[in-house]
Amino acid sequence: MPLARSLSVTSLSGLEEWDEEFELEDAVLFEIAWEVANKVGGIYTVIQTKARLTAEEWGENYFLVGPYVESNVRTQVELIEPTNPVLKRTIDKMNSSGCKFAAQSEEPPHIVAHFHEWLAGLGLVLCRKRQLPVATIFTTHATLLGRYLCAGNVDFYNNLSKFNVDKEAGDRQIYHRYCLERAAAHCAHVFTTVSQITAIEAEHLLKRKPDIVTPNGLNVKKFSAMHEFQNLHAQSKSRIQEFVRGHFYGHLDFNLDKCLFLFIAGRYEFSNKGADIFLEALARLNYLLRVNHSDVTVIAFFIMPARTNNFNVETLKGQAVRKQLWDTAHTVKERFGKKLYDSLLVGQLPDVAKMLDKEDFTIMKRAIFATQRQSQPPVCTHNMLDDSSDPILNSVRRIGLFNSSADRVKIIFHPEFLSSTSPLLPMDYEEFVRGCHLGVFPSYYEPWGYTPAECTVMGIPSISTNLSGFGCFMEEHIADPTAYGIYILDRRYKGVDESCNQLTSFLFQFCKQSRRQRIIQRNRTERLSDLLDWRYLGRYYIAARHMALAKAFPDTFIYEPHEPSSTTGFRYPRPASVPPSPALSRHSSPHHSEAEDDEDERYDEDLEAEKDRVNIRQPYTVTKNKTSAIPGADENEDDASEKN
């Protein structure tokens, strides 16, 4: 059956090309943000991953401006002498005066200044107040007031049009910052935001509708593991299993081969990030697994930084006990091997009863005795400074998931970002994600959502919501997201209890999948990574810059937006191996049965991958110092896409 293309509202190819090409030799781009070489949140990832593509387009006329943090400069910035004489004079003057001061050029170029978030917004407001000849762009990655309102358990999305924004900002003592953000949005030639859901929010709270939505992408090559990503998953999973063996020593009464690793990660915003609904769903999932006598064990990791003073002693002891057991096993193995070797040398079959002597048994008995403990495995890996008031720990106490032997769901709260140098869980974040089976991000407030995007490009299924930019984007571009391992939780039109039941259903159905079904699903998920490549999504930033130049310098640049034609755009179809019935396609695979492992499930990986490639365009290539209006929208690319 041929795969038809259909237009989506935020189709990647929905932007028409300019009538003319324009030269970038006389244009300069400055991108200003607090997170340039200064990791605070997701904006750091946006700028870092987009920098290579932008540099390809603008060459030496692209500059990033951010705070000077000595520790970050040493590790992330290569100090070089500028080749541009005007820039050199500017920097010398800045260094001598101790302040930022733009030097005058004999032939001033066309300048584009792109400001991210309210922290950088003051520079934009001053540019317009002083009537500087600069094309300005302001991007809000999340509105300041929106984040505060959602953190206060407000029914946010149903009351967007009813908020008295000045009063709400004043009540939260952020009025000065809110005014700065709103002023930057109104002063900018072009106002952008990262998702359609945030565009609606910005229109009501900042009182200006964004000119264009600029979705966040990733440098997919960084994560690309070609066809080895399944092997990388197995290797990373093995390392997580080693940690689990130590953490649950003395209570390791479940089969690690039938153990699923779930995780949630990000800033510690308990309600905004959906940790509250995730914990409630885990409690309900535990009940379902127990009453159905499931042999699957779920371990849920919470990777959210909080205030701690050190590692939990019991947690460190667990890893020490695991290592001691490993060393003991190696010692006994070497003694056994030597006796076996000596027996074979003299031409005799070994007497198995004599291969292990009393000393060997004594060593093993001591090791077994060391693994016994009376307490339950700890929920938290660190000593919390505010243990009694911590929302995650209080919720765990309420739902009663204390890692007991009877529970099929275990919880591990790791209140610190992962690091490969950690003595507890020595893995970096990317490696940890690859080793997990499912990322769970049921956020209530998530303007974009890099965590599920990172899961996708590494081939790990994830749960997102229709209140996150990522979830909305995937719903627009995939006909059946769950078939590709992208579960979209409805938190916009359902109440909390209904959403929690839906999340529980997603988790329970995932637990019922066979190993083969999970492998097929990971293959499908990984194929979506091209959707999140900056070589697709970067075109929106290009469009924003073109629009700003046309508004600031109308005599030199022209921008004429057009309505997208019905031939542009695409949607990933439902995979051929997934039944077309809505009832059966509600989940990523048909209901599990004992016979499924022996069936082909009408699945052909190569055939599915080839069909998916037909539905996605090839990434555009930037031509140095020259760019068409909006790359990727011309007819030639349509032809090339069809030939794929």
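In this predicted model, helix α5 meets helix α7 through L144, L145 and Y148 on the α5 side. The α7 side contributes R177, Y178 and E181. By class, this contact has four nonpolar and two charged residues, and no polar ones. Helix α5 spans residues 144-151, and helix α7 spans residues 175-187. Their axes come within 9 Å and cross at roughly 135°.

In general, strands of a sheet pair through backbone hydrogen bonds.

Strand β2 covers residues 27-32 and pairs with β3 in the parallel sense over four bridges. Within this pairing, L29 stands opposite Y62 in β3. The bridge partner of I32 is V65, also in β3. Strand β2 pairs with strand β4 (residues 110-116) as well, again in the parallel sense, over six bridges. There, E31 has H114 in β4 as its bridge partner. Five of the six residues of β2 are buried, so the strand is largely enclosed by the rest of the structure.

Helix α8 connects several of these elements. Its buried residues are I197, T198, A199, E201, A202 and L205. They pack against the helices α5, α6 (165-171), α7 and α18, and against the strands β6 and β7. K207 follows α8 and has a positive phi, near 65°.

Helix α18 (residues 469-477) has seven of its nine residues buried, so this helix is largely enclosed by the rest of the structure. The buried residues are G469, F470, G471, C472, F473, M474 and H477. Their cover includes the helices α8 (196-205), α17 (450-457) and α21 (534-552). It also includes the strands β14 (462-465) and β15 (486-489).

Strand β15 contains L489. This residue is buried, with a relative accessible area of 0%. Leaving out residues up to four places away in sequence, L489 touches I277, P442, I463, S464, T465, N466, S499, Q502, L503 and F506. L489 and Q502 are 13 residues apart in sequence. Their C-alpha atoms are 7.0 Å apart in space.

Two further buried positions were examined. Q319 lies in helix α12, which covers residues 313-345. Its relative accessibility is 8%, so Q319 counts as buried. Beyond its neighbours within four places in sequence, Q319 is in contact with E242, F243, G246, H247 and L424.

D390 sits in the loop between β11 (382-384) and α15 (391-399). Its relative accessibility is 5%, so D390 also counts as buried. D390 touches Y268, M384 and F413, not counting residues up to four places away in sequence. D390 and A306 are 84 residues apart along the chain. Their C-alpha atoms are separated by 8.9 Å.

The average pLDDT is 83, and 82% of the residues score at least 70. Over residues 1-20, the pLDDT is below 50. That stretch has 69 contacts in the model beyond near neighbours in sequence. Over residues 564-569, the pLDDT is likewise below 50. Here the model has 17 contacts beyond near neighbours in sequence.

Conventions: Residues are numbered from 1 along each chain as its sequence is written. This is a predicted model: local features need pLDDT of at least 70, side-chain atom pairs count only at pLDDT 80 or more; totals for chains, interfaces and linings use all residues. Side-chain values use heavy atoms; hydrogens and water are left out. Axes are lines fitted to C-alpha atoms, for helices over the stretch in contact, and angles run from 0 to 180 degrees between N-to-C directions. Helices (H or I, at least four residues) and strands (E, at least two) are DSSP runs, numbered from the N terminus. Contact means heavy atoms within 4.5 Å. Ala, Val, Leu, Ile, Met, Phe, Trp, Tyr, Cys and Pro count as nonpolar, Asp, Glu, Lys and Arg as charged, and the others, Gly among them, as polar. pLDDT is the predictor's confidence in each residue, from 0 to 100. Two strands pair if DSSP finds at least two bridges between them. Buried means under 20% relative accessible area, exposed over 50%, partly exposed in between (1.4 Å probe, protein chains only).
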